Amino acid sequence: MALILRGEELHDQFDRTHDRRLLKAAQATFRHVLASRPSGELHAAALNGLGKCLWSRYERFGSREDIDRAVDTLRAAVAAVPDGHPMLGIFRANLSGALQTRWKAISAPEDLDEGIREIRAALRDPRADGRTIASRLNSLGGAMKAKSEVTEDTTALDEAVNVYDRARELARSSGDAFLINATSSNLAEALRLVHHQSVHGDAEALIRAVRLAVEALGGTPASHPLRARFHANLSLILMDLYLVREREEDLFAALSAARQALAATPRKHPNRAERLAIYARVMRLLFEHSFGLGHLPDAYAPLPPLPELPGRITREQSDILLAVVRAAKRAAAAAPPGHVLHGSSRMALASARMAEVLIAGNHAGRRSGLRIGRLPGRDLKRLAKGTAHPVHLRIEAAQLWAANRLLVAISARRRASAKAEAQARWSLDLALELLPRTVPRSLPRADRERQLARFGGIARSAAALSLRAQTPDPLRALRQLEHGRGVLIGQRLDTLHDVTDLRAREPWLADRFESLSRELDRPEAPGFLSGSLLTDHAPRGTGETLTGEDRHQQAVAWDAVVRAIRGIPGFEEFLRPPDPRRLLAALAPIGPVALINTSPVGCDALLLHRGRAWSVPLPAADFAQLQKKADEFTACVRRAGDTALPVAGQLAAQRQISTLLGWLWEAIAEPVLEALGFTGPPPQGREFPRMWWIPTGPLSALPLHAAASPHSPGAAVLDRVVSSYAATVRTLAWACSREASRGRTMLAVGMPWTPGAPELLGARVEIEKVNRLVPASRRLIGHQAQYASVLKALTEYTWFHLACHAISGAETGSGGHLLLNDHTERLLTAADIARLRLDRAELAYLSACETVRGHDALADEALHIAGAFHTAGFRHVVGTLWRVDDEAAMEIAEAFYSGVGRDAADSAVALHRAVRAQRERFPATPTLWAGHIHYGA
């Protein structure tokens, strides 16, 4: 035992001095003990000591062999003692640390998962004191932070923040200055990631992160080996602070911290690649600041036209640009294949080279000035095709490669241009193929939404290229749009898939599929880890909720079941994206569908009717102009309803809305209707024909059904067709294929008074008027309308009328929510509604604000309240694009129910008549009638 203690002392001295002779002596001491073939505890202790020495050797010299041997030796130490041994917790903590270190080098997920298991086991050691628990919690926090970065699961990051907070409290109680500083710096980095992964950022988390990082550095001696890591963490946080505050001093402080971190990191140190990557990122921000470009992410992939670039560059700017490329090269060279930073470093280098070529070409003053040969096409192609890289990075590389190829197409001769365009189409197809893999069912819904927002527009750009090929291919464009839009809705429809045929062949697989589908539909628990973290902690999650850890396991099982089903003859296409021809056949019995594709490449109408698909270019609908028009329309609607404004201001806003509806008619609606043969109002006495609109991108915020020329009678969508909307062609086919429920039972929910919200006294009047026309089987008014009571009642009735406050997805960054009586305790969210399985549901009339508005970044996902009710099972949903005047809303509702009869199939026609009647009364006030839409079959 004396030799073991001597070896430990030598290793501790090496940690303080970095004298390699001390490490060599410690290693020899432990080997000498092992050579004597000790038994039991001595053998395990010697293995543990040797494993730590090998781990330290790796951190000092970077040899992969050392960290592999360290892991194997520490595993042997753990295996050498029985459960309950007083040294087992120490051995497991060391093994976890070595596994986490190796994970950074080779990106093996099994190392990270094993590291988490071992440190959790070490934390359950009842002999550990407060300082030891703090140290182990610090290690677990690092592992959970890494898990969140690998999986993009924010519940793992939240777990890391909670664990670090607990570790810091215990460290402060123990009085260990080093541990306090380490946990503070690590917590700061985790809070920075919280800011990153929040939809709108989290400035509060970022400011706290800066304070903690500065405290950690201030309390750490200049000679301490971890000071370099603390500088690196501070640099990352200051970069994000610069992007939030746009203060030059934050950027230069980040540059200083990055330089100090790099200077203190030995050339062969495993963390040098990370420090070089941080420095390269600061230099990239410095370049953007110098050129006045604003922040462009590494994966920024501008489709033509190019962004505004400076016409002339100074010598200083030229030097910064060269320094950016050099820094990116150094970072990429330090992260070889297999390294956790390999892909991101190569992406940063390709992005820097692309910026260099673009700016050099722009400086030359002409397109031919682009040095095509220097565009990083090959590097981007390798990254996009590299199966070892994270999926999100491969998509980013494919996007950047597509932009690269389009730049070549602009500058090259005809033959080379056609080849480059074909390569751009291929690269976007690859990105689309990978897109669903960024949103696995293992992720919580909010993270899946965030990922889709990150890659919004890929499908639309791919489809635009397909429609602009030398031989336009509308079926390919349809397949691309269906594959890359409405991804979350598609996942939901997958879980509702009819397994009758499967049950006849393999009943156990059908049961397993349905069981796992329902498991994955359970509400999400706030934490990631299942069970107790420490012996004095209660388990997180309940039988009703699903923790992140359980969700990942269930998702793996679900994928395995799907693979097994596809292995059965006749089920090879189970849950695969439907073939476009099948979709056309499914829609053939109903009216025409106009899928309006909007993209920087161009805007087109993809028309589907009677088994045919063809496209109509929309040259007047310039994408940049469309974005501006959508923003202008939203602003005008707000001004028109702002009673604080003078009446003249509100009327001016109404006139501007009418003008914008005129532009919408000329640019989009009129060309579409003419192409479908709807050249005028139907003959008197004839029913209006029906059609469906599927808007994309910024067009989703505009009322296509209300488009009209203010100067030509009959030149209006309302005067030619009955309009309905759908999220995707697949959801429309699904809604139309469902058998209508027999019988009508009405559930009415009204909130005249809502805690913490303005009164809606008209809600009670509206419910009473609706009840006279369609007697409600059940009414939940005021305090009766609770989260649980409404959710339960929705499963029992076929029709649903709602009159209450709603918060749209545009405000929440997600799908929005309803304000019921207990909303201060639990919100009824769009996700809660979409999770329902309502087999008998027919009609939902949502008399609430902006129930068809989602977040702009998720426009292609139809993540709004109306979409949630439709996904839950309601074949017909009536909702609003904006807040409608209470009296006008009541009049439209009353007219709707007067005309709908007993069959919900008439709901689109009934709404059309009600809206036209309101327009006849208030033609110059479009906000009173243009906001109501029919969604669904």
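This is a predicted model: local features need pLDDT of at least 70, side-chain atom pairs count only at pLDDT 80 or more; totals for chains, interfaces and linings use all residues.
**Entry 1: strand β8**

I began with strand β8, residues 799-803. I found 5 of its 5 residues buried, so the strand is largely enclosed by the rest of the structure. I then checked the two faces separately. Trp799, His801 and Ala803 lie on one side, and Phe800 and Leu802 lie on the other. Both faces are covered. In a regular strand the side chains alternate between the two faces of the sheet.

Next I looked up the pairing of β8. Strand β6 (residues 746-750) runs parallel to β8 and is joined to it by 5 bridges. Strand β12 (residues 843-847) is also parallel to β8, again with 5 bridges.

**Entry 2**

I then turned to an open sheet of 3 strands, ordered β9-β10-β11, with antiparallel pairing. Its edge strands are β9 (806-808) and β11 (828-829), each of which pairs on one side only. Between β9 and β10 (residues 816-818) I noted 3 bridges. For Ala806, the bridge partner in β10 is Leu818. Helix α34 (residues 865-872) packs on this sheet and touches β9 and β10. The direction of α34 makes about 80° with that of β10.

**Entry 2: Arg394**

I looked up Arg394, which sits in helix α17 (residues 391-411). Which side chain of opposite charge is nearest to Arg394? It is Glu433, 6.6 Å away. A salt bridge needs the atoms within 4 Å, and I recorded Arg394 as buried with no salt bridge. A polar atom of the Arg394 side chain does lie 3.4 Å from the backbone oxygen of Gly386. Leaving out residues up to four places away in sequence, I listed the contacts of Arg394, among them Leu383, Ala384, Lys385, Thr387 and His389. Leu430, Leu434 and Arg437 are also touched by Arg394.

**Entry 3: helix α22**

I checked burial along helix α22, residues 487-495. The helix is mostly covered, with 9 of its 9 residues buried. The buried residues include Arg492 and Asp494, as well as Val487, Leu488 and Ile489.

**Entry 4: Glu9**

Last, I looked up Glu9 in helix α1 (residues 2-17).

Conventions: Residues are numbered from 1 along each chain as its sequence is written. Side-chain values use heavy atoms; hydrogens and water are left out. Two strands pair if DSSP finds at least two bridges between them. Helices (H or I, at least four residues) and strands (E, at least two) are DSSP runs, numbered from the N terminus. Contact means heavy atoms within 4.5 Å. Axes are lines fitted to C-alpha atoms, for helices over the stretch in contact, and angles run from 0 to 180 degrees between N-to-C directions. Buried means under 20% relative accessible area, exposed over 50%, partly exposed in between (1.4 Å probe, protein chains only). Lys and Arg count as positive and Asp and Glu as negative; His and the chain ends are not counted. A polar contact is a pair of N or O atoms within 3.5 Å; within protein, one must be able to donate a hydrogen and the other to accept it, and residues adjacent in sequence count only if both atoms are side-chain atoms.
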